[in-house]
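Hi there,

Here is the structure I promised to pass on to you. Have a look at it first, and my notes follow below.

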Amino acid sequence: MSRMLSGTPILQGDATIPGVKMHKELEPLIPVIHEKCREMGLDYYPTVVELMRYDEISELAAYGGFPSRYPHWQWGMEYEELSKGYEHGMHRISEMVINNDPCYIYCMDSNTLVDNVDVIAHAIGHNDFFKNNVFFEKTNRKMMDKMANHGTRIRQYMARWGKELVTEFIDHVLRIDTLINPAKAWKKTGIKKQTFRDEREYRFPERLKATHGYMDDWVNTEEFKQRQRDKIEKQDAADFLELFGGPERDIMGYLKDHAPLKLWQQDIISMMYDEAMYFAPQRQTKMLNEGWASYVDYHIMCREGLCGLGQKSEDCGIWQYAKHKMLVLGGKYSQNPYKLGFELFMDIEDRWNKGRFGPEWEACEDMHERENWDTHANLGREKVFEIRKMYNDYTAIQEFFTPEFCEKKEFFEYRKFPNGEWKIVNRDFKSIKSKLLRKYLNGGLPDIRLMEPNHLGKGWMLLQHMHNGNPLYDPYAREVLASLWRIWGNVVILATKNRDNVEFVYVCEGVNIESDIHVMSMKEYEREFIK
């Protein structure tokens, strides 16, 4: 853990560090994998493939995939968990892929040859998804360099202001780095600089157009023109006072721009905001991204026959690939994102190849006819490429998780009973789909919005949890509120609901999550604060 606390990056020494030398039997196979991926129609960034030992890839994963990050204790904790998990046989990281140009693919050097061919094809699928999916369109493609620059600047602040003080501030910022609005990535931004030019927006009263000049006094009456002047005065006053236009999902962005912070704190929260925005699309597309990569490696390994690449015969690697795939997808009772995404892509390809879409298909009520429906449309490949480009997890489930898919793939709710037997506890399609949508909406995170930054005229921050049936986890809510108080420097109020749909309020008045945070009913809050 000391390496993480000192901020020592993985990239040290000569060009052979990190990692180990490329295996002789794997190196000549990489161009073949690329050739098959291009023949499939994938369009991806230039790719760098490196082999790493288990401790190196665990360290890389702890850093979020970037070899050089700012020093922080969380990297050490995650490294210990990952490395110990591998050493005790609880899990292994076969590969990692970074959304960057060029795209970096890190493979475990202890993988078998079949596994390495598989994970390189899988990672190239991720690379293709990063480059083409619309939700990644605004991500920084030079983030490897930017993360390293962030680390350098934060080390300078630690040297100037002290490691403990800077680390404490980073702790608070990390607790709020999911309170963002990823859609802000499409908003045009400019450099704020001091200027002495008059750049006010001048508004003029609207006038209705009269068909004839003599009718102008009848159409644009004095009362109408006065209402327009009053409207303009209110708009100008709001601009002058910089009144809040909320509600605002991008709470972290608002704090970055408006919280009373020192210059070094403003710089740190700005850097971490950029990093949060970079990682946000990955949270929105986890299921679809993994499903697409799994679909790509299945096509390359099975349909193109690369299971036997480098083997004694063409059929030598299929059993090993099947075993690896089974572990990734998780078996019959699993609903992990790899399995759901892969099964959705396979089902969509089959449906569009057979023409099982459109008004005629939807109108068909004959079960025998639907079961044997096949128009030989052969549009499956075109459709899956469209989905990997235009959809995220929520929209894909909303449109393509159908009753037929749920029944065919047995995506029911299972429970393991004390006798070790798995049993179906819920077959209701609407209930299952509703839970899936809630799971993938906003990446599974609660939707919290800033309603007023000057609540009751006291500079208090009023937040509202947009309750969807899932209550907030109290320990996390308290920690986030304490960090918001530390950054905002004033009282923070959060309105939410419990499992019984009863509204209540958190009132945070300090950083102590026990003594400084009070929980009260909405009536108690209104009686005490809104008089």
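This is a predicted model: local features need pLDDT of at least 70, side-chain atom pairs count only at pLDDT 80 or more; totals for chains, interfaces and linings use all residues.

Let me start with a question: which residues of the largest nonpolar core touch the most other members? They are Ile33, Leu42, Trp292, Leu340 and Phe401, in a core of 63 residues. Helix H5 (residues 113-132) is the element that gives the most to this core, contributing 10 residues. In soluble globular proteins, nonpolar side chains tend to be buried together. If you click on Trp292, you will find that, leaving out residues up to four places away in sequence, this tryptophan touches Leu42, Gly125, Asp128, Phe129, Phe345, Val384, Phe385 and Arg388.

The mean pLDDT of the protein is 87, and 88% of the residues reach 70 or more. Among the elements, helix H17 (residues 380-390) has the highest mean pLDDT, 97, while helix H1 (residues 2-6) has the lowest, 58. Two stretches call for a note of their own. Residues 11-16 have pLDDT below 50, and the model gives this stretch four contacts beyond near neighbours in sequence. Residues 191-200 stay under 50 as well, with one contact beyond four places in sequence.

For the overall picture, the protein has 22 helices and 10 strands. Of its 531 residues, 45% are buried. Among contacts with a separation of 6 or more, 69% are between residues 24 or more positions apart.

The side chain of Lys325 makes a polar contact of 2.9 Å with the side chain of Asp297. Beyond four places in sequence, the contacts of Lys325 are with Ser294, Asp297, Tyr298 and Phe342.

Now to helix H22 (residues 522-529), where Met522, Tyr525 and Phe529 are buried. Why do these three count as lying on the same side of H22? They cover an arc of only 60° around the axis, so they share one side of the helix. Lys523 and Arg527 are exposed on the other side of H22. And what covers the buried residues of H22? The cover includes strands S6 (448-455), S7 (460-465), S8 (492-497), S9 (503-508) and S10 (517-521).

Strand S7 deserves a look of its own. Five of the six residues in S7 are buried, so-called mostly covered. S7 pairs with S6 through five bridges, and these two strands run antiparallel. In that pairing, Leu450 stands opposite Leu463 of S7. S6 and S7 form a hairpin with four residues between them, and Leu456 in the turn has a positive phi of about 60°. S7 is also joined to S8, by four bridges, and here the strands run parallel. Leu463 turns up again in this pairing, standing opposite Leu494 in S8.

I hope you enjoy looking around!

Best wishes

Key
Residues are numbered from 1 along each chain as its sequence is written. Side-chain values use heavy atoms; hydrogens and water are left out. pLDDT is the predictor's confidence in each residue, from 0 to 100. Contact means heavy atoms within 4.5 Å. A nonpolar core is a set of buried Ala, Val, Leu, Ile, Met, Phe, Trp, Tyr and Cys residues joined through side-chain atoms within 4.5 Å. Buried means under 20% relative accessible area, exposed over 50%, partly exposed in between (1.4 Å probe, protein chains only). A polar contact is a pair of N or O atoms within 3.5 Å; within protein, one must be able to donate a hydrogen and the other to accept it, and residues adjacent in sequence count only if both atoms are side-chain atoms. The arc is that of the directions from the helix axis to the C-beta atoms. Two strands pair if DSSP finds at least two bridges between them.
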